[in-house]
Amino acid sequence: MRIDPNPYPDLLAEVAQTQQQVNTDEQEIASGLSVNEPSDNPGAAALLVENAGQTSEADQFERSIGSIQGEIQSADSTLDSVTTALQQAISLGTEGANGTENAADRAAIVVQIQGIQSQLLNLANLTYQGNYVFAGTATQAAAYVLDPSSPSGVTYQGNTGVNRVRVGSQITLQTNLPGSQLFSASGGNVFQSIQDLITSLQGGNTASIGTAVTEVGDASSYLSEQSVFYGNALDQLTSQQTYLASDTTELAQQETTIGGADLPNVISNLTTSQTSLQATLEAIAQTESTNLFQYLK
Amino acid sequence: MSSLNASLATALTGLIAEQGAMQVTTNNVANVNTPGYSREDPVLVTSDPVAIGPLTFGTGVTLQSVESIRDPLLESQIQQQTQSQGQFSTLASALQQTQANFISSTSDIGTAISNFFDSINQLSSDPPNLSLRQGVLTAADDLATSFNTAANNLSQQQTSLDSSVVQTVTQINQLTQQIANLNQQVSNLQNVGESAGSFVDQRQQAIDQLSGLVDVSVISANNSLTLTTANGVPLVTGQQSFQLQTQITPAGLHDVYSQGNNVTSQITSGQLGGTLQARDQEIPAIQGQLDTLAAGVANAVNTVQAGGFDLNGDAGTNLFNPPPAGVTGAAASLSVAITDPSLIAASSDGSAGSNGNAEAMYDLNNQAIVAGQTPTDYYSGIVFDVGNDTANASAEQTASSSILQQLNDQLASVSGVSLDEEAANMVRYQDAYQASAQVITTINDMMYTVINMDTLTV
């Protein structure tokens, strides 16, 4: 049987193919990735796009949690301060309801409670990064302003809007409660109760003072119930942070599984390819042009 | 009765025939590395004998012809495989370039989509914040830029492929003209019974080159060849070549014409087939997908934007300039319509601190707003399609190259020049030549003897 007398094209094709494999292996090792372009593994490349989208989303949720956490913490601690102030007002009111106190004593108590009233107004007008936290979604103006014509002494300028921020692909978290729900709700109006306490102290009727103290107590209780919202929100955020941290790790592992280079295997392949390349080159070098002409004399 | 002169003439035919055979070997050796050369074989036949009386004497040897050793079946298979190789090589190369637009990076479309929606989610945590609003505009601009860049790259590639179509048609016309000329030379020689081996080799090589450029069907008849494309578009008939032309279309691309007919869609293989496939099918399909994605995102965002309120409490206006109707060109023309960050309609109730509409906008990221899929799902589908098409074309190219290599090996085992074989032939012809020469010398001696018989003394 006659054979192909020219082996070089086959050998050179083999060299090119092996060199290509060497280049591919080296690229995988250098990048640490088995999918460097979509055609390397189209299915994996598509999954990596999804993975990148999910990872980016999880990272963003973590950033969003970081952003709203500060505001919620600030609101939570402010409500604690409001509760403390109300407790202080209750103590003063109880003292004023004591029949042994004279008018001058009650007037002094009124001054102190007016100070608390002023403090409460400041607390209700908490701002975080320039936004009024308890103004609903009307965050660009103070939630409450002094208003002598109002029975409670203040007017709520905010609205009843609430915001929800997505902190997980299936989770949105309400981030605020409007002041109207916290400080001037019909079930526990903080400002009205303080104003009533001041008015009753100024009137000097111990029974009325006692009623006003009870009203402040009710407002405080109501506020405490409402402020649970912020504690819960913080707990949810912490829990979601923990989940996102593990989700991010999981996604990173998936990314490696889908598109990461199997380094031991690739290095082994590279060694094989390099050996094969060297052997082919050696074969070409040793393919001496031996033919019958050289032996004819 | 035989004569010494007859013997001399017979011996002389041996000398002439071996010289001719030696010339064939010399030519084979000289062309050992000539691409497309088929080795030649001298066809030696016994000269017609003469009958003298009751006896019949041979009259020597005749070099009847010089035959090129070829295998038409293999040559035909090589042509077909060369067409596939040309097609898939061009297609794979084009798609490799195309898929560069979809390699994961910090600025690829998938990342830009994620960054855009992430910026909206960030804004929803502090809706009045102008820095965050500016962040949304910047991310929207980056998204538009990534679409513009990919669309422009695809357009440029299409233009470049179009130039290649024109160049390839020029090459095809040169080759068909060359083949027609060679047809004439082959026909002229074969009609007078002469060997046209080297012209046939040249013609075969030109056909192989043509097969790399376009699908070719070869019909051989009456010492001549007719070439058409697989779909019957005439290329060469005997000594006449049919030139292909290119004409620019309203879309600015060139179609291929033959004798006034648009034959673009009839060219399916070879480099031209691969180029047309990439230019007219693959790239437009990807452009269409990008347009759908860009228009889907832009329209959905604009719709949500219109349902909300900006920082001034006014109804939202378009965030992106509306994509063209029918979405064609949406990716190339995508742009952000506003420059004032306060115009982002994050609010759902008109108050500055509301983030309801920003959240609705962010939720688009996970809604089926692009042909029934989420933006990221749709984009990952594009990446899969591009990767899959590229991988398939590369695999086809590798397979056709491998088959072509095997076929070429087989053909070389039939038609290739073996120096060992030629050396052996050379020795054979030399020996035969020496023998014939020796016979002539002997006859010469015998003649001398006869001529000088009277002077010879016994």
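1. Strand 7 (residues 234–237) of chain B is joined to strand 8 of chain B by 2 bridges, and the two run antiparallel. Strands and helices here are DSSP runs, numbered from the N terminus: strands are E with at least two residues, helices are H or I with at least four. Two strands pair if DSSP finds at least two bridges between them. One bridge links B:Val236 to B:Ser241 in strand 8 of chain B.

2. This is a predicted model, in which local features need pLDDT of at least 70 and side-chain atom pairs count only at pLDDT 80 or more, while totals for chains, interfaces and linings use all residues. Residues are numbered from 1 along each chain as its sequence is written, and chains are lettered from A and ligands numbered from 1 in the order in which they are written.

3. The pair in point 1 belongs to an open sheet of 4 strands in chain B, in the order 5-6-7-8, with antiparallel pairing. Its edge strands are strand 5 (217–221) and strand 8 (240–241) of chain B, each of which pairs on one side only. Strands of a sheet pair through backbone hydrogen bonds, either parallel or antiparallel.

4. A hairpin comes next. Strand 9 (residues 244–248) and strand 10 (residues 254–258) of chain B pair in the antiparallel sense over 5 bridges. B:Gln245 stands opposite B:Tyr257 in strand 10 of chain B. The hairpin has 5 residues between its strands, and B:Gly252 takes a positive phi near 85 degrees in it.

5. For B:Gln259, phi is positive, near 50 degrees. B:Gln259 is in the loop between strand 10 and strand 11 (261–262) of chain B. Is B:Gln259 buried or exposed? A residue is buried if 20 or more other C-beta atoms lie within 10 Å of its own, exposed if 12 or fewer, and partly exposed in between, with C-beta atoms placed from the backbone. B:Gln259 counts as exposed because it has 11 C-beta neighbours inside 10 Å. For B:Ala371, phi is also a positive value near 50 degrees. B:Ala371 is in the loop between helix 8 (356–363) and helix 9 of chain B, and is partly exposed because 13 other C-beta atoms lie within 10 Å.

6. Helix 3 (residues 109–124) and helix 9 (residues 375–415) of chain B have axes that come within 10 Å and cross at roughly 175 degrees. Axes are lines fitted to C-alpha atoms, for helices over the stretch in contact, and angles run from 0 to 180 degrees between N-to-C directions. The crossing angle therefore makes helix 3 of chain B roughly antiparallel to helix 9 of chain B (over 145 degrees counts as roughly antiparallel, under 35 as roughly parallel, 65 to 115 as roughly perpendicular and the rest as oblique). B:Ile109, B:Gly110 and B:Ile113 in helix 3 meet B:Pro375, B:Thr376 and B:Tyr379 in helix 9. By class, this contact has 4 nonpolar, 2 polar and no charged residues. Ala, Val, Leu, Ile, Met, Phe, Trp, Tyr, Cys and Pro count as nonpolar, Asp, Glu, Lys and Arg as charged, and the others, Gly among them, as polar.

7. The largest nonpolar core has 97 residues, and B:Phe147 is one of those with the most contacts inside it. A nonpolar core is a set of buried Ala, Val, Leu, Ile, Met, Phe, Trp, Tyr and Cys residues joined through C-beta atoms within 7 Å. Helix 4 (residues 130–191) of chain B gives the most to this core, with 19 residues. Leaving aside neighbours within four places in sequence, B:Phe147 is in contact with B:Ile109, B:Leu290, B:Ala294, B:Ala331 and B:Leu334; contact requires C-beta atoms, placed from the backbone, within 7 Å.

8. B:Ala330 is in helix 7 (residues 330–333) of chain B. B:Ala330 is buried because 27 other C-beta atoms lie within 10 Å. From B:Phe147, B:Ala330 is 183 residues away in sequence and 8.7 Å away in space, C-alpha to C-alpha.

9. Between the chains, 44 residues of chain A are in contact with 49 residues of chain B. Helix 2 of chain A gives the most to the side of chain A that touches chain B, with 16 residues. That side divides into 17 nonpolar, 18 polar and 9 charged residues.

Notes. Two residues are in contact if their C-beta atoms, placed from the backbone, lie within 7 Å.
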